[in-house]
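Dear colleague,

Please find below the structure I am handing over to you. My notes on what was found in it follow directly after.

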Amino acid sequence: MPGKFLDQITRLVDGLTMQRRRTISAFAHRLSGQLSEPDQRVLLKALADPYPAVGRLEYEPTVPHVVRHRLLPVAVHRAQQELESGVFHALLQGMVLLESHPVARDYRVGHLVDDVRAYPDELRLRLHPVVLGPLLANLLPIADPDDPAELFGTAGTRVHWDGFERVVLWLVDTSTRPRVVITGISEAAWKAAKAYLDAGQSPALSLGDAHPHSLAPAEADVLALRPRVFGPNSLGSGLLRRIGVFRDAWWVKSSVRGDKSMVVEWPDAPSQLGVLEQLCHRATQLAPGKFRLDIDPSGHIAELHYINDSVPPSNASGCKLLLRKISTTRVEYLRSRYRFTPVPDYWQAWQKVFQAGNREVQLDLAVLWNRYTGEELHPNSDRVAKIRKTITSTPCGKAIPEAHSTPQRILETSLLLMIRESQPPYSGERYRGHQVFREVSPRRDRLVINLHERVVRWFLRAMLAPVQPHPGTDGIPGLRIVPQEHALELRLLDHDGVCTDALVVLDGVGAKRWREIWPNIRNSVHYDSGCVDPVLTRSPQLSNGERTGMKFHRHSCGPISLGSAFLRRFGLVSCAYAVDAWTGGEGRDLHVEIDQGPSVPTLLDALADPVFGLLDGSVSIVHPSQRHPRVQDQRVVPDRYIGRENPPRQPPALILRQLDPSTRPSAMPSSVIS
């Protein structure tokens, strides 16, 4: 079989099952030796033209079922389908329980499920340890003590840990003995999952322990009255074996409508077209035989109808899968999740046991980094490896580097205070919230920022200082720009006009775009004498207006250490509807106000994190009675505090506030920039 087609098979199987590339490559080479020449030609043709079904009403399979079964086996026994369908629904329901976990709520599906290996009579998959407890809580049968006829979970399911980092699930009442094997579960992870069940669903293990090899009376009564798993089990089994299709989704929800219909919903990513292409691929299609595809004109809903059962499984005929992509962005998703709630008892029990069994708990650095900065890093990237080395090399290592100099802190705090000035008007339209920083990337010698598109011009305009002294001076005196191909380097001149070592990189706005928007920005400023051309080569010295306003501006930055540190952790509030920032108390205190985002207790917990937070020997949290909590900096030195009140009456502080909904604006003023 040609090498390029082996690569196509590798990519196809990886997209569905998330197996290791080396494993798939070895499988593809074995497959080429198992298929006859006619079957190879059919498969090669299907790989060359893989998606004929998308956009058509009906589709007749062109790849023989035997060939498709070798590439991605289906569950051949009804009992295996029932078990896998039960696991599929329980897994998706268990992911919802991660919302109350302080870290795992940020996990995508592909972070929780990995390396799915399908066999005709068995399924193996690797799960993240954190999702095992919620999965078992929704899967294992639980009898209602008040109503013995009522049973929750999947009747007949049993579980045990085999001592080789594997959890085995099976049905106790079938002759075929179907199995789902969960790999990568250490003894500590298994004990933590049991602690989770004991704290939240204590009867979940007791029923199986009392009847390890046979059905409990309550289970037998229930199976005599209703199906073991509601809905089309062949669909649930097929989707679990192709769970990699949803790897980029923040959540997936499933529901059933009768015995033949299932609904699957997910937000944001992946696209509906991407899901359809993988489920309707000629070589690995979900439907066992002929099927019909109906796509709603809106493009958000698609229905997959099984038409015949000429090929196994025989119970698939007439099944219908409804796929619905919810119009929810990542920011809206995170905003809905970041509500402060105390950590439930079952997660506290899980955490206590899991950490006790792991002397060195490996932090999920990529997920935590994304939560604090908004930047997405691959878990195996060099950046993550360097962060891990930084944390482990010293006893009190911090994941997020602090600003390296006083000018760097001044520049970063100044940019944080530009949030209010860069708010775009909407000409009297409904207020749509206000966010400036989409993500930040803290480095040792710089800070990389990425802005929301609709505020780019307003943000750049807000930073400009006047040429001559101007009442109520705005902007950042001394700010200079060095345009690069794909970014703008933001520099800072000191009081003497010398370019300092401060560096913030505005990513996504290159030299070409700057030349396009600069005339419009220049003509929109309100200074009588005009604004300074911020390009460093054109304005290497301070203007009179900048010299006059320099002292006032620097004093207004106040607690620059706290301002810089908070901007480097801005991902914590990136999901809020709106954020505002200002200084008060003659520059002593920095106020940050959040509208419809994470609560203040949630933020304080995050800032107190020993690895990603900003607390150290000089920074502490104070809770004054009947006032807002204060994150105080006890070290009042020139490289950390430059407020007008010096020395201050009390330590400078970062004050976090929750917006009063009654003060939220209903409309925005008229625009200035066309």
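Two strands are taken to pair if DSSP finds at least two bridges between them; strands (E, at least two residues) and helices (H or I, at least four) are DSSP runs, numbered from the N terminus. The model is a predicted one, in which local features need pLDDT of at least 70 and side-chain atom pairs count only at pLDDT 80 or more, while totals for chains, interfaces and linings use all residues. Residues are numbered from 1 along each chain as its sequence is written, and side-chain values use heavy atoms, with hydrogens and water left out.

Five strands form an open sheet with mixed pairing, in the order 14-15-18-17-16. Its edges are strand 14 (437–442) and strand 16 (479–483), each of which pairs on one side only. On average, and ignoring direction, neighbouring strands are turned by 25° against each other; the axes are lines fitted to C-alpha atoms, and angles run from 0 to 180 degrees between N-to-C directions.

Strands 14 and 15 form a hairpin with four residues between them. They run antiparallel and are joined by five bridges, and Phe437 has Leu451 of strand 15 as its bridge partner. On to strand 18, strand 15 runs parallel, with three bridges; here Leu447 is partnered by Val504. Strand 17 (residues 487–492) is antiparallel to strand 18 (residues 504–507), with four bridges between them, and Leu488 is paired with Leu506.

How many residues of strand 15 (residues 447–451) are buried? Five of its five are, where buried means under 20% relative accessible area, exposed over 50% and partly exposed in between (1.4 Å probe, protein chains only). Leu447, Ile449 and Leu451 point one way from the strand, and Val448 and Asn450 the other way.

In helix 22 (residues 600–607), six of the eight residues are buried, namely Val600, Thr602, Leu603, Leu604, Ala606 and Leu607. The elements that cover them include helix 15 (365–373), strand 20 (589–595) and strand 23 (653–658). Helix 15 is itself largely enclosed by the rest of the structure, because nine of its nine residues are buried. Gly374, which follows helix 15, has a positive phi, near 85°.

Lastly, the aromatic rings. Eleven aromatic pairs are found in the whole structure; rings of Phe, Tyr and Trp (its six-membered ring) pair if their centres lie within 6.5 Å, with planes under 30 degrees apart counted as stacked, over 60 as edge-to-face and the rest as tilted. Tyr196 and Tyr346 are an edge-to-face pair, 5.0 Å centre to centre with 65° between the planes. Tyr196 lies in helix 8 (residues 187–200) and Tyr346 in helix 14 (residues 345–356), so this pair ties together parts that are 150 residues apart in sequence. Tyr196 is buried, at 3% relative accessible area, whereas Tyr346 is partly exposed at 22%.

With kind regards

Conventions
Contact = heavy atoms within 4.5 Å.
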